[in-house]
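Biologist: I am new to this protein and would like to go through its structure with you, one question at a time. Could you take me through it with care?

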Amino acid sequence: MSKAINKLRIASLLPSTTDICISLGLHKHVVGITHECDFDPSTYSMLKVRDANLSSSDNQPPQPPLPLTVSHIDIHTSSQAEIDDAVKNSVHNGLSLYNLNDTALADAKPSVILTQSLCDVCAVAKSEVDNEVACNFRPGQCKVISLEPESLEEVVDTFVTTAHACGVPERGDELKSKFWEAAKKVQEVVSLSSKRKEGKEKPRIMFLEWLDPPYDAGHWIPDMFAWSGCTSSLDASQKPTRKSVRILWEQLYDCDPDVVLIGCCGFDLKRNLMDSIQAMDKLKPLRAFREGRIYAADGNLFFARPGPALREGIAILARCAYDDEDIVREALDELSFLPKEGNGWAKVNFPDKEKTQSIPDVEDIVTGDTFFTLHQEACTANEDFYTDPATGYHVFTELAHKKRGKCCGSGCRHCPYNHVNLKDKTMIQQPAFLYEGTTNRNGDTFISPLSSIPPNSHIKVLFFSGGKDSYLTIRRLVKQRLQSNGTDNFHLILLTTYDFETKVIAHQDVHIDTVCRQARHLEIPLLGIPLHRGSGEEYLSRIEKGLDAVRSAIPDVKQLTLVFGDLHLEHIRQWREKELSKYSLEYPLWNVPYTELIDDLESSEVNVVVSASNQNGIGVGTTFSRTLWQDATKMGIDGFGEEGEFHSVAEVWTASKEQALGLKP
């Protein structure tokens, strides 16, 4: 062993460089590490060179490495949203979330410092390291090696860079060679895929580096996709940079990935599983959710760190992407470096919402004697706030908001301005438009954005649940308009009521984000009416407030017609006609033969799936088709689930807008 190696003292300021040092057999030379390093060579099972377990020097001090960094935020007790806010504030102020303990660094007396200059927020800034070295070390006493890999190839090259800096170049070459050998083994296994042999597309995967808000995969992870035999569900136009970028949930829904892998940066498997379940309502609109293809992984160890453990990350990606192919799955499970399911990665088992949290009828959600009455009493007394009985907090009244004179954009409970300045419209507490439409390019003037609807118009408001009946009602309205030859020049608006707490539509078990996606695809304005559990406000009062929002958005409405997708239940129609008698009501599908409805659904080419069911043999996620309708009838139940046997969601985005609406000849 050379004298230079014996004198080697390494300060590792990154978890990834600590991993590299252990893989290179240099762990006994590591005298300082970060607060995030899980430094335990005795349990190390990742990639390493042949002599990694040999003692490099008999003169090494027995004490463990000194912690050299501190963090200004505890990621283990903070929510993802709180961490995201902290990062944004740091970027805005030009600060790092981490600082160097200069006293500990001086005490460690390193001869080599391994750091990075890729990101000054998520690790100690290189400028701070340079300043400390200049102030506390003699020239030439300590060299600083800065690593900044962006691609997978550059990550693997850092093994060699680190080994050269530490005087063991041959170990770096060996580690690099072993890494690529393992990656090629994964490639060989996925080549067994029958789908690949048949020329079918590679599995399309969405890797989420963060959930609140969502961020896609960046830097070296897209390269890992290629080695694992899959491809990103985002196309190149949506991913102009190698860096991880924030995406909207709507973008995620639109790209419709086959597989979702959640490996949030800095979090282990347990935390990512927990956060995935908490994000269930956001993930639920995905096809991958319905097909059970959402997975979580130790994002901290196997994906976020640019080190040897990316080998395991490649294998995990392949295992999740090809989980539905027995031959590939079994061959991958034979790889010695693939962590076992439950140890580094796992399929996310979401709770059965129907068992854990029932969604009450819309008419029942708002019953009770709580804040609605208190708010009315406070307004009558000309008070600016009242005390919420559930939380004890002061809540501003509508009067207080009107004194302010504008919407503050905070999603206030009694906002009188239709939440016009609220950016995240899913957080509205009062009826407001979730989607206002886009400029119509095809001249279909009855499907117009709010801004294009002229005064004195006839407005038809369709009570829309997102299911097949509501969707077929839209197609029937389109057909009526086309056949009227200009005698029925109405404009269409969708209205959806949903539970404010869960953002789920009663019975349908459909999230409001899914309905927003439907509205955007069809380019039809959507009015959302959140219903507060136990508010004490009656259902009809909420509906009336929603219709007031329509009147506020469109000047001088000439006629307001309420449209329903009811098929044949007399008691439902009688209730509507009694309670909503001051409006003109329409039922375009009333007593239309089911055969005619099935024919129309098939001609639309839109996929419809079961979203909720209380019937054995009709599972959630099953495609609603002519066969299912016939089978349901044979079971002795209503073939369309009209009496609540099952509910559905129309995936209108599976066809073009024109095809879905019935505008194509």
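Biologist: At what angle do helix α6 and helix α7 pack, and how far apart are their axes?

Modeller: This is a predicted model, in which local features need pLDDT of at least 70 and side-chain atom pairs count only at pLDDT 80 or more, while totals for chains, interfaces and linings use all residues. Residues are numbered from 1 along each chain as its sequence is written, and side-chain values use heavy atoms, with hydrogens and water left out. Helices (H or I, at least four residues) and strands (E, at least two) are DSSP runs numbered from the N terminus, and axes are lines fitted to C-alpha atoms, for helices over the stretch in contact, with angles from 0 to 180 degrees between N-to-C directions. On that basis α6 (residues 152–165) and α7 (residues 169–190) pack at about 155°, with their axes 6 Å apart.

Biologist: Where is A549, and is it buried or exposed?

Modeller: A549 is placed in helix α23 (residues 539–553). Buried means under 20% relative accessible area, exposed over 50% and partly exposed in between, with a 1.4 Å probe and protein chains only. With a relative accessible area of 2%, A549 is buried.

Biologist: Which residues does A549 contact, leaving aside neighbours within four places in sequence?

Modeller: Contact means heavy atoms within 4.5 Å. With those neighbours left aside, the residues in contact with A549 are N418, P431, F433 and L527.

Biologist: Which residues of helix α26 are buried, and why do they line one face of the helix?

Modeller: In α26 (residues 626–634) the buried residues are L628, W629 and A632. Seen down the axis of α26, they fall within an arc of 100°, so they line one face of the helix; the arc is that of the directions from the helix axis to the C-beta atoms. The answer is therefore L628, W629 and A632, within an arc of 100°.

Biologist: What share of the protein's residues counts as buried?

Modeller: The protein has 27 helices and 26 strands. Of its 665 residues, the share that counts as buried is 54%.
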